Amino acid sequence: MALNTQATQATQANVLDVNNSQIQVEHDKKRRQFIIRLNSHDRAVLLYEYVGKKTVDLQHTEVPDAYRGRGIAKHLAKAAMDFVVEEDLKAHLTCWYIQKYVKENPQPQYFEHIYQ
């Protein structure tokens with residue numbers, strides 16, 4: 001996974017989807033969101049808020065209807081959970097999809113960072 005920092009304080013992680021086409025997950029820290037640009041006007045997003053100095057609430061994941069069922073949300077969820085681990089944060093999982101992702105991908109490092 002390659003990480004690049006842009007002038008807008010966004011981080012991009014490149015991952016391959018099931019069709020071997022590249023999906024870029026951008027992390028816009030200023031707006032507190034992870035983004036996948038799907039075309040010139042559609043995007044998938046995962047929104048979060050800081051609710052304490054070292055605590056985030058992963059609030060909402062949204063993928064446009066036309067792109068659902070393609071595994072796009074899992075890339076957002078992975079990027080968000082990896083961010084929580086890398087920054088040594090604690091996370092509230094308000095978003096039902098993030099809860100599902102963590103249950104289906106039971107990584108010990110994730111559980112150490114989740115408020116139960």
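Leaving aside its neighbours within four places in sequence, with which residues is valine 45 in contact? The partners are Gln33, Phe34, Ile35, His60, Thr61, Glu62 and Leu76, where contact means heavy atoms within 4.5 Å. Valine 45 lies in strand S5. This valine 45 is buried, at a relative accessible area of 10%. Buried means under 20% relative accessible area, exposed over 50%, and partly exposed in between, with a 1.4 Å probe and protein chains only. Valine 45 and glutamate 62 stand 17 residues apart along the chain, yet their C-alpha atoms are separated by 5.4 Å.

The model is predicted; local features need pLDDT of at least 70, side-chain atom pairs count only at pLDDT 80 or more, and totals for chains, interfaces and linings use all residues. Residues are numbered from 1 along each chain as its sequence is written, and side-chain values use heavy atoms, with hydrogens and water left out.

The protein chain holds three helices and seven strands. Helices (H or I, at least four residues) and strands (E, at least two) are DSSP runs, numbered from the N terminus. Read from that end, the order of elements is β-β-β-β-β-β-α-β-α-α. The chain has 116 residues, of which 41% count as buried. Among contacts between residues at least 6 apart in sequence, 38% join residues at least 24 apart.

Helix H1 has 15 residues. From its first C-alpha to its last, H1 reaches 21 Å, close to the 21 Å expected at 1.5 Å a residue. The expected span is 1.5 Å times one less than the number of residues. H1 is mostly covered, with eleven of its 15 residues buried. Among them are Ile72, His75, Leu76, Met81, Asp82 and Phe83.

H1 (residues 72-86) packs against helix H2 (residues 96-104): their axes come within 10 Å and cross at roughly 80°. H1 is therefore roughly perpendicular to H2. Axes are lines fitted to C-alpha atoms, for helices over the stretch in contact, and angles run from 0 to 180 degrees between N-to-C directions. Angles under 35 degrees count as roughly parallel, over 145 as roughly antiparallel, 65 to 115 as roughly perpendicular and the rest as oblique. On the H1 side, Ala73, Lys74, Ala77, Lys78 and Met81 take part. They meet Tyr97, Ile98, Tyr101 and Val102 in H2. Seven of these residues are nonpolar, none is polar and two are charged. Here Ala, Val, Leu, Ile, Met, Phe, Trp, Tyr, Cys and Pro count as nonpolar, Asp, Glu, Lys and Arg as charged, and the others, Gly among them, as polar.

The largest nonpolar core has 30 residues. Such a core is a set of buried Ala, Val, Leu, Ile, Met, Phe, Trp, Tyr and Cys residues joined through side-chain atoms within 4.5 Å. Phe34, Leu58, Met81, Leu93 and Ile98 have the most contacts inside it. Two or more residues come from each of S3, S4, S5 (43-52), S6 (55-62), H1, S7 and H2. H1 gives the largest share, nine residues. Beyond its neighbours within four places in sequence, leucine 93 is in contact with Leu58, Met81, Ile98, Gln99, Val102 and Ile114.

Two loop residues have positive phi values. Arginine 32 has a phi near 55°. Its place is the loop between strand S3 (22-28) and strand S4 (33-37). Arginine 32 is partly exposed, at 28% relative accessibility. Aspartate 88 also has a phi near 55°. It is found in the loop between H1 and strand S7 (90-93). Aspartate 88 is exposed, with a relative accessible area of 51%.
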